[in-house]
Amino acid sequence: MGLELLVASAIGILTAAGMYLVLRLRTFPVIMGISLLTYAVNVFLFASGRLSVSAPPILTDATVYADPLPQALVLTAIVISFGMTAVVVMIALGAYLGGDDDRVNDPIADNDASAEGRP
């Protein structure tokens, strides 16, 4: 029971922190938030294969085993998320260097600011 509670709490904390960062209006926190969300999904996928300590990840005559499919999915997801994070960082860096600001455009906030006379 203790291991399941710990993993569920970690997934919840990663998801909450990721959602908070995704809702920011700067590119770097958005990238970090997406990374935290991918980590939360990876831990969730890994936990779906049954949490057991010292269990072989193969289907044998053992009574306790770990499902190898979620482990393979998580390994693949880690590689894909690393590559996508590198691509997004390069796009954000190009946008920052091209515009001298890392602010995410928000048309509603821009209209409200221009109506109030703010830049």
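**Ground rules.** I am working with a predicted model, where local features need pLDDT of at least 70, side-chain atom pairs count only at pLDDT 80 or more, and totals for chains, interfaces and linings use all residues. Residues are numbered from 1 along each chain as its sequence is written, and side-chain values use heavy atoms, with hydrogens and water left out.

**Helix α2.** I looked up α2, residues 27–47; helices here are DSSP runs (H or I, at least four residues), numbered from the N terminus. I checked its length against an expected span of 1.5 Å times one less than the number of residues. Its 21 residues should span 30 Å, and the end C-alpha atoms are 30 Å apart, so the two agree.

I found P29, V30, I31, G33, S35, L36, A40 and N42. These pack against α1 (2–22) and α3 (68–99), with contact meaning heavy atoms within 4.5 Å.

**The loop.** I stopped at V53, between α2 and α3. V53 counts as exposed because its relative accessibility is 69%, the cut-off being over 50%. I also noted that the C-alpha atoms of V53 and A66 are separated by 9.0 Å, at 13 residues apart along the chain.

**Helix α3.** I ran the length check on α3 too: 32 residues should span 46 Å, and its end C-alpha atoms are 46 Å apart, in agreement. Its buried residues are P70, V74, S81 and A92, and they pack against α2. Just past α3, I noted D100 with a positive phi of about 60 degrees.

Methods: Helices (H or I, at least four residues) and strands (E, at least two) are DSSP runs, numbered from the N terminus. Buried means under 20% relative accessible area, exposed over 50%, partly exposed in between (1.4 Å probe, protein chains only).
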